Structures are given as C-alpha cells and as structure tokens.
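Hi there,

Here is the structure I promised to pass on to you.

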Amino acid sequence: MNAKTPAALVLEDGRVFRGSAYGAQGRTLGEAVFCTGMTGYQETLTDPSYHRQIVVQTAPQIGNTGWNDEDDESARIWVSGYVVRDPARTPSNWRSRRTLDEELSRQGVVGISGVDTRSLTRHLRERGAMRAGVFSGDAFADEAAMVDQVLASPPMKGADLAGEVTTPQPYVVQAQGERRFRVAALDLGIKSNTPRQMTQRGIEVHVLPAASTIDDLLAVEPDGVFLSNGPGDPETQTEAIALTQEALRREIPLFGICFGNQILGRALGLGTYKMRYGHRGINIPVIDVETRRVAITAQNHGFALEGEPGQTFDSPFGTAKISHYCPNDDTVEGVRCADVPAFSVQYHPEAAAGPHDAAPLFDEFVTLMEKKSQ
C-alpha cells in the first residue's frame, strides 16, 4: 500500500524531494540530518540522541536485516522521521522478527522511501542541516503549505531536549560478577549498551534523571560519575553543567561521551557551537593528540566544543587540554583534565553496531577510579 502512496520531504529552504510513504503516514517535523553508517540502522533509530531529527540514510538500501528484539538502544524509536532510498522488500536475518516498515508503522514513525538520498545529502552538506518535514497521506498538501509548516517548527539551536528523553525515575543496572565500583550515570539520553559496557567491567550503574542534584548524586555514594549522550543544544543544560562542576570540585572520577563531552567542556569554561551538518555515522576518524593513534569511531552530534587540537587551557578546576580531534575538519573530539580526574570524548566507545576501536576508554575510566580509591 505505502509503495503507491505519495510522500514528500520538504526542507525549510523550499527544496522538495518526492517519494513514497514508508512506515506510518501523516506529518512529522524535525531537523533533517544524514547518517553515513552502512549498518546499525536499528541502533540509530532507537538512539535518544536522534530525538526530533529526521534521519537520512546515505546507504542506498536499508532494512535488509529487518527488525529484531535484541538491538534496541532504548525502549522506543526516537527519530522524528526516516528517509531512505531503496527499502529492502524482504528482510533476511535469523534474528529478524518483522520488517523495518512494519516497526516504523507500529511506532507511528513517518518515513519516506524512493528519495535520491545522494542528492539530498549533497544539498545538506552545502546548505547545512535544517528544519524539515515528511508529509504523506492526509497530511500531503501543496508545496507552499508544507513549507509554511516546516518554517513554523522550532530550530535545533536552543532546543532543550534532554528532559524529554531522560528516565523519569532512577534505576540500577547490576554489575556482572563481583562489584568493583559504583557509578552514578546522568541520563541525558543514555543508550542501553552504555551501562552494559560498564557492568561487564564490574561496575554497578545507578542511572539518574537529567534533573538530578548533587545531593541525589552523592546519595548513591559513587566511585565515579558518567555523563551520557543526548539530544539538543548543550548550552541549555544549565543543571547538568552545574552538577558536573560540583562533581569536579569533589574530584570524583568523571567520564563523559558525546553530549557529556560538551557538558564537561562547558563546565570547564569552553563554549559550544552548532555545526553545519554535524558528524553522524560509524566511520569517522579521530586522532589522539598524545599518541597520534587514529580510531575509527561512531558519532552522532550536531554541536561541538570550541577549541583547537592539542590546545591547553585554564579552567576553574586547573589545567585542561583538547585531547582528541577529527582530522576531517579539526573538530574537538575530546577533553582531558590535568588536575582533577576527568575526561570525555565526543564519539561513542559503546557503539553496539561498531566500530569498537574506542571501547578501551571504559577501561581507562576504571583505571581512574582505581587510582582514586588507592
């Protein structure tokens, strides 16, 4: 049915890409971004960091492995909309339980297929990520009316979204085997594989809501603090930044990833800015300034920290350094403190779909907590 239902992706600059309805029919609004991963679409769709974004898959065929019940990174699909070129007609994988189209429909995610995603991606690279809408079924209208609806939607700059994806109540993920450490993880949009990576290392993870206070955190009696990934503009996260500063004052070992990297950076006094089109995919190189080692990483961010590769700067908590950068554009990819036990990276060492080059960063977090406990 959907293959014969017309749909349109409408960008705020007036560009329209036509195709066929995919998943649910109707209207959805969000920021159009492209993801360069060749695999891992289920993890992408269920990543809370993609909240209020319309994801364009650059891989030409999507849905080959269907949808299973094991690979979700959260309890639901978070993307606002989904754009693909050639959806697989029949999935083939021993874990598949249903088609991607069926799961999108079941969760009410409006998508579009048959789009020239190569042309669309080139457009977004030139013009930047922008507000957009997917329209099909009863929501399908004339172009001017659809553009007006897109222009009436809120931009990502200034968007406070972490509170919309965080856990409403604290919960605990038990350590596998003997418990070695207890970590308070601030849920700004945490993925399921993050606590799993820590529990495999003997860490008991207490996941806390984004609005938690320093008293909430200290009540856990943590050996370490973790700042998760998440959606929106990091400048809006005043509570999380203040909480991070309190943890730094107490010199509690701290590790942040993605959004958490931006939160730590702002807590140290760095600024953030919105990138033209961001980094989204599982094939993005990062260079460690100290070792010059290159890691191929998974990333999903549209904002970045200000700074230069290798830059050393003074913060309210002593000296800190820009520890990692992306050679594609010199974007800041990591921060490390010299005088307090804290570090962060912009990429995802927990990436379930891979690559796994950065997984040892969790071991580094363990080492930081070991040193503090001695």
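**Salt bridges**

Arginine 106 and glutamate 103 sit 3 residues apart, about one turn of the helix, and both belong to helix H2 (residues 100-106). Helices (H or I, at least four residues) and strands (E, at least two) are DSSP runs, numbered from the N terminus. Before going further, a word on the source: this is a predicted model, in which local features need pLDDT of at least 70 and side-chain atom pairs count only at pLDDT 80 or more, while totals for chains, interfaces and linings use all residues. Residues are numbered from 1 along each chain as its sequence is written, and side-chain values use heavy atoms, with hydrogens and water left out.

The term stands for a side-chain nitrogen of Lys or Arg within 4 Å of a carboxyl oxygen of Asp or Glu.

How many salt bridges does the rule give? The count comes to 22. Another of them joins arginine 250 to glutamate 246, with 2.7 Å between the closest N and O atoms. Here arginine 250 is partly exposed at 38% relative accessible area, and glutamate 246 is partly exposed at 26%.

Lysine 372 and glutamate 251 also meet through their side chains in a salt bridge, at 3.9 Å from N to O. Lysine 372 lies in helix H10 (residues 361-373) and glutamate 251 in the loop between helix H8 (238-249) and strand E14 (254-257), so this pair ties together parts that are 121 residues apart in sequence. Lysine 372 counts as partly exposed at 42% relative accessibility, and glutamate 251 as partly exposed at 35%.

**Cavities**

Rolling a probe the size of a water molecule over the atoms shows where empty space is left. A cavity here is a set of points, on a 1 Å grid over the protein atoms alone, where a 1.4 Å probe fits but cannot get out; lining residues have an atom within 4 Å of a point. Grid points are joined across faces, edges and corners, and a volume is the space filled by probe spheres set on the points. The count comes to 3 cavities of 30 Å³ or more.

The largest cavity has a volume of about 210 Å³. Its lining has 21 residues, and Glu43, Thr44, Lys191, Ile282 and Ala298 lie nearest its centre. Helix H1 (41-45), strand E15 (272-288) and strand E16 (294-305) are the elements that give two or more residues to this lining, and E16 gives the most, with 3 residues. By class, the lining of the largest cavity has 7 nonpolar, 10 polar and 4 charged residues. In this scheme Ala, Val, Leu, Ile, Met, Phe, Trp, Tyr, Cys and Pro count as nonpolar, Asp, Glu, Lys and Arg as charged, and the others, Gly among them, as polar.

The second largest cavity holds about 140 Å³ of space. Gly230, Gly232, His301, Gly302 and Phe303 are the closest to its centre among the 17 residues that line it.

Best wishes

Key
Buried < 20%, exposed > 50% of the residue type's maximum accessible area, 1.4 Å probe, protein only. 1 Å grid on protein atoms, 1.4 Å probe; cavity = no way out; pocket = protein on both sides within 12 Å on 5 of 7 lines; lining within 4 Å.
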